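Please keep the structure in view while working through the numbered points.

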Amino acid sequence: MARIASIGALALAALTLAGCGFTPLYGRPGVGATLSSVQVSAPTGRAGQLMREHLDDALSRDSNLKPQYRMDLQISEQRYPRGIRVDNVATRYEYVLTAAYTLVSTADGATAKVGRVRVEVTYDSADQPYASVAAQQDAQDRAAGEAARKIELELATWLAGAKS
């Protein structure tokens, strides 16, 4: 009896969701195809390279498509010492990556969208120099990946709104 009631509740919930007009973000026509036709222009340096790689992956960049948009990135990085020991040496750092982007239409050169994302990650600083550098580079990579994910979500939301 309880099983029949739970199946009935599940069917009722499915019917309710079907009638509310919910459409998945990537279910809108053209969102995925437009995202994959964004060409990323990132600044030089390790953080810029990481951002471009993560954005190409997040947007599923298709190099065979003619770009509909060009994304110009400006990146700023800050590192703040946290977890100071009694000998005034930091054992933990906070790494902040801010990525400002401008989406430009390749058809007419008009600015289509401007945005900014900020990501904060922390990492431990080790007494061994190599381990400390590796931890800092890992934090840079994690921050770039999270910033790319945030930019992808902003663009997909914007495209879904523009296409409807």
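1. In this predicted model, strand β3, which covers residues 90-105, is joined to β4 by 13 bridges, and the two strands run antiparallel.

2. Strands β2 and β3 pair in the antiparallel sense over 15 bridges. Within this pairing, Arg-70 has Val-104 in β3 as its bridge partner. The hairpin of β2 and β3 has five residues between the strands, and Asn-88 in this hairpin takes a positive phi near 65°.

3. In which sense do β1 and β2 pair? Their pairing is parallel and extends over four bridges. Val-38, for example, has Tyr-69 in β2 as its bridge partner.

4. These pairings belong to an open sheet of four strands, with the order β1-β2-β3-β4 and mixed pairing. The edge strands are β1 (38-41) and β4 (111-124), each of which pairs on one side only. On average, neighbouring strands of the sheet are turned by 25° against each other, direction ignored.

5. Helix α3, residues 46-58, packs on this sheet and touches β1, β2 (69-84) and β3. The direction of α3 makes about 120° with that of β2. In the loop between α3 and β2 lies Ser-60. The phi of Ser-60 is near 55°, a positive value in a residue other than glycine.

6. The overall inventory can now be stated. The secondary structure of the protein comes to four helices and four strands. Along the sequence, these elements follow the pattern α-α-β-α-β-β-β-α. Among contacts between residues at least 6 apart in sequence, 64% join residues at least 24 apart.

7. Once neighbours within four places in sequence are set aside, Asp-72 is in contact with Ser-41, Ala-100, Tyr-101, Thr-102 and Val-104.

8. Of the 164 residues of the protein, 33% count as buried. The largest nonpolar core has 32 residues, and those with the most contacts inside it are Met-51, Leu-55, Met-71, Leu-73, Tyr-95, Ile-151 and Leu-155. At least two residues of this core are supplied by each of β1, α3, β2, β3, β4 and α4 (129-163). Which element gives the largest share of the core? That element is α4, with 10 residues. In soluble globular proteins, nonpolar side chains tend to be buried together.

9. With neighbours within four places in sequence left aside, the residues in contact with Tyr-95 include Ala-47, Glu-77, Gln-78, Val-119, Val-121, Tyr-123, Ala-139 and Ala-143.

10. A search of the whole structure finds two aromatic pairs. Tyr-69 and Trp-158 form an edge-to-face pair, with 6.0 Å centre to centre and 75° between the planes. This pair links distant parts of the chain, since Tyr-69 is in strand β2 and Trp-158 is in helix α4, 89 residues apart.

11. Because Tyr-93 lies in strand β3 and Tyr-123 in strand β4, the pair ties together parts that are 30 residues apart in sequence. Both Tyr-93 and Tyr-123 are buried.

How values were computed: Residues numbered from 1 in each chain as written. Predicted model: local features only at pLDDT ≥ 70, side-chain atom pairs only at ≥ 80, totals over all residues. Heavy atoms only, no water. Pairing = 2+ DSSP bridges. Axes fitted to C-alpha atoms, helices over the stretch in contact; angles between N-to-C directions. Contact = heavy atoms within 4.5 Å. Core = buried A, V, L, I, M, F, W, Y, C linked by side-chain atoms within 4.5 Å. Buried < 20%, exposed > 50% of the residue type's maximum accessible area, 1.4 Å probe, protein only. Phe/Tyr/Trp six-rings, centres within 6.5 Å; stacked < 30°, edge-to-face > 60°.
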